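Subject: Structure handover and notes

Dear colleague,

I am passing on the structure below, together with my notes on it. Please read the notes with the coordinates open beside them.

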Amino acid sequence: MPVRSTLVAVVFALSLHFQPVQAADDALYRRDYEGFTVWLDCTQHGAIRFRYNAQHDTGSFDRANTFKLDPDVPAECQQASAKSYKLDDPTVPNYERGHLVPANHLDYSQVAIQQSNYMTNILPQTATFNRGAWLATEEMTCSPI
């Protein structure tokens, strides 16, 4: 399948996967950032939809090393902590902080790449998914066609 067709299929699949679930209008919170938007379900404390324009990566700002709560989003609409992903219990699967909108797609702006590490743009992902299929999708959507 040509790269363009593959890209269209991946973007279509992602848009289907992240359509909002049924939530009361008063439970939804939209947050516009530089370069992307997330919709949060305050009853679930996390994002249920995101949007950004995928384009060729031309930036070079460094990715932030820390994850933070967004001070401009109500506490009940986001995760309680940025630290709760790694557990010391080997019987429980560990989850990584997975970006919905990839930081690398926002490295054209110091503000945008820092905002990508807000916990409103992060959901738990298994390592095999985050470093596998999700990474491949990120790389495909910012590569020149």
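First, the conventions. This is a predicted model, in which local features need pLDDT of at least 70 and side-chain atom pairs count only at pLDDT 80 or more, while totals for chains, interfaces and linings use all residues. Residues are numbered from 1 along each chain as its sequence is written, and side-chain values use heavy atoms, with hydrogens and water left out.

Confidence and overall figures

The mean pLDDT (the predictor's confidence in each residue, from 0 to 100) of the protein chain is 80, and 79% of its residues reach 70 or more. Over residues 1–21 pLDDT stays under 50, and for this stretch the model has 23 contacts beyond four places in sequence, a contact meaning heavy atoms within 4.5 Å.

The protein chain holds four helices and five strands, and from the N terminus on its elements run α-β-β-β-β-α-β-α-α. Helices (H or I, at least four residues) and strands (E, at least two) are DSSP runs, numbered from the N terminus. Of the 145 residues of the protein chain, 37% count as buried, where buried means under 20% relative accessible area, exposed over 50%, and partly exposed in between, with a 1.4 Å probe and protein chains only. The accessible surface comes to about 8800 Å², of which 54% belongs to carbon and sulfur atoms; these areas come from the Shrake-Rupley method with a 1.4 Å probe, and for residues only the protein chains shown count as cover. Among contacts between residues at least 6 apart in sequence, 66% join residues at least 24 apart.

The three-stranded sheet

Three strands form an open sheet in the order β1-β2-β3, with antiparallel pairing, two strands being paired if DSSP finds at least two bridges between them. β1 (28–33) and β3 (46–52) stand at the edges with a single partner strand each, so one side of each is left without a neighbour in the sheet. From one strand to the next the twist averages 20°, with axes taken as lines fitted to C-alpha atoms (for helices over the stretch in contact) and angles running from 0 to 180 degrees between N-to-C directions.

β1 pairs with β2 (residues 36–41) in the antiparallel sense over six bridges: L28 stands opposite D41, R30 has W39 as its bridge partner, and R31 has V38. The hairpin of these two strands has two residues between them, and G35 in this hairpin takes a positive phi near 95°.

The hairpin of β2 and β3 has four residues between the strands. H45, in the loop between β2 and β3, has a phi near 60°, a positive value in a residue other than glycine. Most residues other than glycine have a negative phi. H45 is partly exposed, with a relative accessible area of 38%.

How many of the six residues of β2 are buried? Six of the six are, so β2 is largely enclosed by the rest of the structure. Both of its faces are covered, with F36, V38 and L40 buried on one side and T37, W39 and D41 buried on the other.

G98 and N130

G98 lies in strand β4 (residues 96–99) and is buried, with a relative accessible area of 0%. Leaving aside neighbours within four places in sequence, G98 is in contact with N121, I122, L123, Q125 and N130. G98 and W134 are 36 residues apart in sequence and 8.8 Å apart in space, C-alpha to C-alpha.

N130 has its place in helix α3 (residues 127–130) and, at 15% relative accessibility, counts as buried. Not counting residues up to four places away in sequence, N130 touches E96, R97, G98, Q125 and L135.

Best regards
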